[in-house]
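This briefing concerns a single protein model.

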Amino acid sequence: SNSVLVTGANSLWTNSGDLFVGYEGSSNSLVISNGGTVQSGTLFIGGSFSSTGSSNNSVLVTGSNSVWTNSGNLAIGADGSGNSLVISDGGTVVAGNRGYIGNGTNSSNNSVLVTGTDSRWTTTYELGFFSSGNSLVISNGGTVAAGDSLINSSSNTVLVTGAGSTWTNSGSTYVGRSGSGNSLVISNGGTVANTLGYIGYDSNSAGNTVLVTDGGTWTNSEGLIVGRSGSSNSMVISNGGTVANTSAEIGYQINSSNNSVLVTGSNSLWTNSGYLIVGDEGSGNSMVISHGGTVRA
């Protein structure tokens, strides 16, 4: 229950090394508001290197010109549960290296919310989920930008919702790089853009899902694979959602089985500028087009 407030233009907290918000403790907080600035190396929201863990610690970056800059990694829930980062009303967070939402064996229910026009989280390299049950929400015009993004482990969720809400990856997006039950929902005009898209990548990546609905858009400048080497992964495009890519495959390797795509509802569209293969290798893979949905290849 310790707290730091950095508020107002020209208010500055500089750390040449690492910064921990919650080191083996709980309910500690940092607020950066009204144009305040914090600079550090690697940043941990909830960090511990023992069995103690560190839970329910929080950072809020809010208001235009409020900035938190990290030259190293940014970990929300490096070791612990219920830790959070909120970026709102035009606040900015920059990670010079990598970003992690859940990174330890006991790191669960950690969350990031990026909400409001001009609210932004930028990670130079990868953005990853490496423990279970963590979440990222981008809403109301917020933006997240990264290199590769990996939704790993199990039961992690990403929601991109609302006009102008954008998740942009200069590399690939993996929904289930490894692990099961991870999900991505793009809705109500939200947008995701990347090079390659994967839903279920490794052989243990099962039951991962993507839903693109209500005017949401997922753009892959290269290919899209549903079930590269896993089973029961799925994509649903509904209620005017749109997905675009070059070539696509549903079930890619010999053990990629029971993967599926459903395109349903008027104005729901999946565009493949190259080929589309249902069951390159593997069995029980499927595509269903219903209720006015469209698939182009």
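Ser119 is buried, with a relative accessible area of 0%; buried means under 20% relative accessible area, exposed over 50%, and partly exposed in between (1.4 Å probe, protein chains only). The model is predicted: local features need pLDDT of at least 70, side-chain atom pairs count only at pLDDT 80 or more, and totals for chains, interfaces and linings use all residues. Residues are numbered from 1 along each chain as its sequence is written, and side-chain values use heavy atoms, with hydrogens and water left out.

**Surroundings of Ser119**
- Ser119 sits in the loop that runs between β13 (111-115) and β14 (120-123); strands (E, at least two residues) are DSSP runs, numbered from the N terminus.
- A polar atom of the Ser119 side chain lies 2.7 Å from the backbone oxygen of Thr115.
- Leaving aside residues up to four places away in sequence, Ser119 touches Ile87, Ser88, Asp89, Gly90, Gly91, Val114, Gly142 and Thr143, where contact means heavy atoms within 4.5 Å.

**Nonpolar cores**
- The largest nonpolar core comprises 49 residues, and Trp68, Trp121 and Met235 have the most contacts inside it.
- Another core, of 5 residues, lies apart from the largest one and includes Leu150, Tyr174, Tyr201 and Ile225.
- A nonpolar core is here a set of buried Ala, Val, Leu, Ile, Met, Phe, Trp, Tyr and Cys residues joined through side-chain atoms within 4.5 Å.

**Parallel sheet**
- An open sheet is formed by 11 strands with parallel pairing, in the order β3-β6-β9-β12-β15-β18-β21-β24-β27-β30-β33; two strands pair if DSSP finds at least two bridges between them.
- At the edges are β3 (19-23) and β33 (276-278), each of which pairs on one side only.
- From one strand to the next, the twist averages 10 degrees, with axes taken as lines fitted to C-alpha atoms and angles running from 0 to 180 degrees between N-to-C directions.
- Within this order, β9 (residues 74-76) and β12 (residues 99-101) pair in the parallel sense over 3 bridges, and Leu74 stands opposite Gly99 in β12.

**Asparagines with positive phi**
- Most residues other than glycine have a negative phi.
- Asn188, although not a glycine, has a positive phi of about 55 degrees; Asn188 lies in the loop between β22 (183-187) and β23 (191-194) and is partly exposed, with a relative accessible area of 44%.
- Asn267, also not a glycine, has a positive phi of about 70 degrees; Asn267 belongs to the loop between β31 (260-264) and β32 (269-272) and counts as exposed at 62% relative accessibility.

Technical notes:
Helices (H or I, at least four residues) and strands (E, at least two) are DSSP runs, numbered from the N terminus. A polar contact is a pair of N or O atoms within 3.5 Å; within protein, one must be able to donate a hydrogen and the other to accept it, and residues adjacent in sequence count only if both atoms are side-chain atoms.
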